[in-house]
Amino acid sequence: METKTIFMIYSLIMVLLSFSHPTLAIEGDNGEPLLISDDEFDAMIATSPTSDDYNENVGRKYSKKQIDYLKNCTKKMDVPYQCTEEVLADIIQNKSVSRDCCRGIVRAGKECHMEWMRLFFQIYQLKRFSSKQFSKTNEIWNRCSTEIGAVSPFSG
């Protein structure tokens, strides 16, 4: 095949992908929201057999000490399950985290928050958003710690 033909096929595929998946067409980390719909968000959270295998392998990479640390973080946060979804929606869809979830994040501490987000963005369904993870995780921490103020990690 001629180089020009290969280039044309490649260009056509890229254009079609950018129309069918607008998030692939975003250039770099420009701070703009990814703007996926609620339905796309729900579908992204859903699991499949291949993603389950991938996620199990991610979990196996953590030592018992790391897993115990994350469990302890969860206890310190003492927040309902939907807070996880709120944090992920904040990062991926620019939706705000509730005050109750912020309180739990601040109660557990920045290191716990950062470690949980690091784990979440290794999960198959979320790994495509990992480029946004660090800056958005810091933004959430800064916003929550400012809103809630300094809270002792062991206070109720």
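Author: Helix 5 supplies the largest share of the lining of the largest pocket, five residues. Helices are DSSP runs (H or I, at least four residues), numbered from the N terminus. This is a predicted model, where local features need pLDDT of at least 70, side-chain atom pairs count only at pLDDT 80 or more, and totals for chains, interfaces and linings use all residues. Residues are numbered from 1 along each chain as its sequence is written, and side-chain values use heavy atoms, with hydrogens and water left out.

Now the pocket itself. A pocket is an open set of points on a 1 Å grid over the protein atoms alone, where a 1.4 Å probe fits, with protein on both sides within 12 Å along at least five of seven lines. Lining residues have an atom within 4 Å of a point. The space in the largest pocket is about 430 Å³, the volume being that filled by probe spheres set on the points. Its lining counts 21 residues. Nearest the centre lie Tyr81, Thr84, Glu85, Trp116 and Phe120. Helix 4 (64–77), helix 5 (82–93), helix 6 (99–108) and helix 7 (110–120) give at least two lining residues each.

Glu85 also belongs elsewhere. With Asp39, Glu40 and Asp42, Glu85 gathers in a negative patch on the surface. Such a patch takes residues with over 30% relative accessible area (Shrake-Rupley, 1.4 Å probe) and no salt bridge, like charges being joined within 9 Å. Asp and Glu count as negative, each placed at CG of Asp or CD of Glu. A salt bridge is a side-chain nitrogen of Lys or Arg within 4 Å of a carboxyl oxygen of Asp or Glu. Helix 2 (residues 38–45) gives the most to this patch, three residues. Asp42 lies in helix 2.

Conventions: Patches are made of residues with over 30% relative accessible area and no salt bridge: like charges are joined within 9 Å, nonpolar side chains (Val, Leu, Ile, Met, Phe, Trp, Tyr) within 5 Å.
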